[in-house]
Amino acid sequence: MPYTRTVHDPVPRFQLGARVRFRLANQVVRGKIVEYRGPLAGGRPLYRVEVPFDTNYVKSYEIPEWELKPA
Amino acid sequence: MLLSSHFQGYCRDLHSECVHHIVQQVPPALQNVLRGELLSDRKLDRGNPNPGNIGADFARLGLRIWDRVNTLDRRNDARKQQLEQMNNWRNAIAHQDFDPDKLGGRTSLRLEDVDHWRRACDHLARAFDGVMRTHLQALLGSPPW
């Protein structure tokens, strides 16, 4: 089933640039949505979120929609 | 360039989906930590879908994908070469730098070349899908899709 794995593309809940928070280990981190990756979390929406850890280190994560909350 | 871009998107999506299934196996508090590490500096996020980048990114998930793909079908080795050639042409077009030494001795592209690459990408996409499905099933105990 390559190329056309998903038949239903859900409407994304968050817009690009939205500020969100999610749990990372035992803390909650805040970041910004930089990409909607599509329904790749077992068929549910997945986002790429950039989290600034300090002034010169930003790390990106792919986080399922159900783990994200508005910051 | 469009074909290379689509194939990159496919490989990147497949990688993300595999990571998603793997991280489900660890405690919830660690899932996003593991997710971040498996995706950190992923070559397919920035680079072309050449055999080296694909091999490096999927190696993080615990397999030599090209060995598996070649075992599945020996013709995949020739398709891998076609993928390399497609990316060489992609770079030549993007940078307007047509070096015959890198482009099979030519500086012009034919429609039949693109047709061959498209077929090669289609076969490789199916092979990657099958190989990763088998790999994850062996790791996780049930088929991921």
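In the predicted model, helix 5 (residues 65-72) and helix 6 (residues 76-95) of chain B pack with their axes 8 Å apart and at an angle of about 130°. An angle between 115 and 145 degrees counts as neither roughly perpendicular nor roughly antiparallel, and helix 5 of chain B and helix 6 of chain B are therefore oblique to each other. On the side of helix 5 of chain B, the contact is made by Trp66(B), Val69(B), Asn70(B) and Leu72(B). These residues meet Asn76(B), Asp77(B) and Lys80(B) in helix 6 of chain B. By class, this contact comprises 3 nonpolar, 2 polar and 2 charged residues.

Helix 5 of chain B has Ile65(B), Trp66(B) and Val69(B) as its buried residues. Viewed down the helix axis, these buried residues fall within an arc of 95°, so they line one face of helix 5 of chain B. The face turned away from this buried side carries Asp67(B) and Thr71(B), which are exposed. Packing of the buried residues of helix 5 of chain B is against helix 4 (51-59), helix 6 and helix 7 of chain B.

Chain A contains 0 helices and 5 strands, and its elements follow the order β-β-β-β-β from the N terminus on. The strands form an open sheet with antiparallel pairing, in the order 4-3-2-1-5. In general, strands of a sheet pair through backbone hydrogen bonds, in either a parallel or an antiparallel sense. The edges of the sheet in chain A are strand 4 (57-64) and strand 5 (69-70), each of which pairs on one side only.

Within this sheet, strand 1 (residues 19-24) of chain A pairs with strand 5 of chain A in the antiparallel sense over 2 bridges. Arg21(A) has Lys69(A) in strand 5 of chain A as its bridge partner. Strand 1 of chain A also pairs in the antiparallel sense with strand 2 of chain A, over 6 bridges, and Arg23(A) stands opposite Val28(A) in strand 2 of chain A. The hairpin of strand 1 and strand 2 of chain A has 2 residues between the strands, and Ala25(A) takes a positive phi near 55° in this hairpin.

Strand 2 of chain A and strand 3 of chain A are likewise paired in the antiparallel sense over 6 bridges. Ile33(A) stands opposite Val49(A) in strand 3 of chain A. In the hairpin of strand 2 and strand 3 of chain A, there are 2 residues between the strands, and Gly42(A) takes a positive phi near 60°. Of the 71 residues of chain A, 25% count as buried. Among the contacts in chain A with a separation of 6 or more, 33% are accounted for by residues 24 or more positions apart.

The contact between the two chains takes 18 residues from chain A and 15 residues from chain B. On the side of chain B that touches chain A, helix 1 (2-23), helix 2 (28-39) and helix 7 (111-140) are the elements giving two or more residues. Helix 2 of chain B gives the most, with 7 residues. The residues on this side of chain B divide into 6 nonpolar, 4 polar and 5 charged.

Two of these helices lie across strands of chain A. Helix 1 of chain B lies across strand 2 (27-41), strand 3 (44-54) and strand 4 of chain A, and runs at about 125° to strand 2 of chain A. Helix 2 of chain B lies across strand 1 and strand 4 of chain A, running at about 115° to strand 4 of chain A.

Conventions
Residues numbered from 1 in each chain as written. Chains lettered and ligands numbered in written order. Predicted model: local features only at pLDDT ≥ 70, side-chain atom pairs only at ≥ 80, totals over all residues. Contact = placed C-beta atoms within 7 Å. Helix = DSSP H or I, 4+ residues; strand = E, 2+ residues; numbered from the N terminus. Nonpolar A, V, L, I, M, F, W, Y, C, P; charged D, E, K, R; others polar. Pairing = 2+ DSSP bridges. Axes fitted to C-alpha atoms, helices over the stretch in contact; angles between N-to-C directions. Parallel < 35°, antiparallel > 145°, perpendicular 65-115°, else oblique. Buried ≥ 20, exposed ≤ 12 C-beta atoms within 10 Å, placed from the backbone. Arc of directions from axis to C-beta.
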